[in-house]
Structures are given as C-alpha cells and as structure tokens.
Amino acid sequence: MVLFWLCFFFFLETGCYRLSEQEINQGKPIRTFDEWQSLGKTEPVQSIVCSGSGALRLISYLDASEKVLAVEQIEKQSSGFATYRLRHPEFAELPVFGEGHGRDNIEFLLNMNPKPEAIIRVDNPGTGVDPQLLQARTGIPVILLPYGDLGNERLQLNQTLRLLGQILGKKEKAESLIAFIDAQINELIERTRNIPKEKRPTVYLGGLSYRGAHGINSTTTIYPPFDWLHLNHPASSLVSETLRANHIMVSKEQILAWNPDFLFVDLGTLALADSSGFTELYNQSIYRSLKALQNQQLYPLLPNNSYNTNFDAMLANAWFIGKTVYPEQFKDVDLAKKWDEISRFMLNDSFMNVFPEKFLTILNKPVCETLPLDGTND
C-alpha cells in the first residue's frame, strides 16, 4: 500500500498534472453518509453524473434516473444486454462526460452548466481518473462506492444502496429494494435446502460476458443462483488463493470432464454472432457427447453481465434455473409472473417490454432441440 501511494504521488509530480498541497488536503472522496453531511449537505441531491461500471444501473434501480445530467460514452452504445439501458433509452440522448470505466473528462465537467451536485463513482481501483484528483480538480464531491454483488459481497451492495438512498432522497426505495432482493434469495434457498446431495444435479454456465462477449468456455467460479439452489457447480472448485478472479476461461476438455447434467448459456454470447457459444455447441462435434446435450438439457439465460452485473436478470435466471432443474419444488411457480414481478419492481417495467423478443426464448423449449446431435454439421 505504501508503495502504491509513493507511485501515485510520483506520477502526479512528474505527469501532466501536479496536485497542490491545498488540493491534497481537500479531503478524500465520500464513502459514508457522515462524510457527506460533513460537507454541510442537508437536502437530497437533485443532479448527478454516474461514473464507472454499474453506477448508472444502481441509480436506475433507485428510481433516480431523472437526476442524471450526462453519461459516459459507453452508455450510449447500443446494447441489448444491459437492462437499465433498454429501460431508459433517454440516457442515449444525454451529453457525454467521459469514455467509460471512470475515464472522465475533467474539462467537460468543469464547464457543465449547471454542474452536477455529485459524481457517483463505482470504486474500481486502477481504472480511470483517480477519484481524489477528480474531486480536487472539479470541485464536485465524488461519492466512491463498491458495487457489490448478490453473493459474498451482498452486504456491500446493501450499504451502497442505502448510502445512495440517503444522498438522493430515496431511502424508502433503497430499503424496499434490499428487502425485495433478500426475500427472493431466501425463498430460493428454502425451496431447495432439503434436497439430498446425491440428487443435486451438476450444472455449467457458459458464454458468460466479462468485459465483452465470450464463447462457451467462458464461465465463473462463483455464480450466486447455483449456490442459492444448492446445485453441484464443479467450476467453484477452481477457486484458490492464486485464482481470485470470478471469471475464468476453461478448456473444452474440462467441460467434457465435468459433463454437466444441465448446460446453461448466457445470451450475452450472441454478441459474437457466428462464433457464439451456441454456434460452438452446434458446429463442434466434440461437445455432442455431453450428457446435457444428449438429454436435451441446454438452456439460455438472460444476460447476466453488461457493464457489470444485471442484478434483475440474475434473479430472474435463478427462478428459471430452479424451475428447470427442480420442477417438483417449483411446480407452483408461474415463471412469466415471477419475471414480471422482478422486472417491474427493479426496472419499473416488464422484461417483455424491455428485452428483445429473441431473448425471451428462454420461456420456450430447450435450445438443444434444434442442435444436430447425430453428428451432422461438423
């Protein structure tokens, strides 16, 4: 840590900009509500910009999209994979204040009229403009927050939602959102808690997007829906002290060795068009010996990631996986109604209105019914 700060200040001293002593002493970015109040802020913030992967998604969940004055360039890119962008096409009409991943344009922010009252920044060390420099140069408070997740970092997500709720005047929405997510997860856990280990099928998630689209060998060591549903997820065994990243690329041989009972493919892979995970399964005969394909147990999932995690889609996927893998435990669940409940609560609209029609094939029959398992189309 000492070495990091020495390198940081060396860069500032020798680079294109030098922090003055006054700017260094101006204070670090805001991480708590007490720090926010110490600035003399007493009224809810009415104007913001959102910097870094996932910041604008959280603002959308909190029904605060009308407070956004400008967006990153990446938010203007046409994407059928980010639910909040599909729900809020108006974001594409806003001015651009940076490229993406925190690469903010300080000069543009300085010249905004009116200026935003706060910059909501997802904390991703090592990317983009240093948040302390950003705050010092613009004079705009930077709210620096962890994004969290629906797994081991769920408490971080809750803390972030609560802090944003306090700052934006959306406390009730933040609490109701946290309670809604907790209730969904707890019910999934309870429905499958008592299933004997020997009756828990083996599952694999392929085609997972991570800083772009990938093929069938793109997966993750940690996928919360598999944990909530008490499924046998062999990729989780690859977690180690030396392998800390959730996202991993595995070999064809590893997928064949796992030979999952159920194979799920993230629809984000469709961005690869002719080289998507579905195309690989269709064209490469090596995969046709997989138990999941032979038994027609290949299913698409709504895109889990696009500029960070689509929490709404992940929750919807969990219910779909549960009903697919454990039909008896989920026989009372109307999947269309459950998805509608999730999307209307988190996005204020139905997935049926938000996602392109091709994504909603998940409600139909297994994808592998269209695959040539007889050895043709090599």
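Modeller: Axes are lines fitted to C-alpha atoms, for helices over the stretch in contact, and angles run from 0 to 180 degrees between N-to-C directions. The model is predicted: local features need pLDDT of at least 70, side-chain atom pairs count only at pLDDT 80 or more, and totals for chains, interfaces and linings use all residues. Residues are numbered from 1 along each chain as its sequence is written, and side-chain values use heavy atoms, with hydrogens and water left out.

Biologist: At what angle do helix α9 and helix α14 pack?

Modeller: Helices here are DSSP runs (H or I, at least four residues), numbered from the N terminus. Helix α9 covers residues 171-192 and helix α14 residues 311-325, with their axes 11 Å apart. The angle between them is about 20°.

Biologist: Why is α9 described as roughly parallel to α14?

Modeller: Angles under 35 degrees count as roughly parallel. The two helices pack at about 20°. Therefore α9 is roughly parallel to α14.

Biologist: Is Arg 85 buried or exposed?

Modeller: Arg 85 lies in helix α5 (residues 83-87). Buried means under 20% relative accessible area, and exposed over 50% (1.4 Å probe, protein chains only). Because its relative accessible area is 10%, Arg 85 is buried.

Biologist: What relative accessibility does Thr 269 have?

Modeller: Thr 269 belongs to the loop between β9 (262-266) and α12 (277-283). Thr 269 counts as buried, at a relative accessibility of 0%.

Terms used. Angles under 35 degrees count as roughly parallel, over 145 as roughly antiparallel, 65 to 115 as roughly perpendicular and the rest as oblique.
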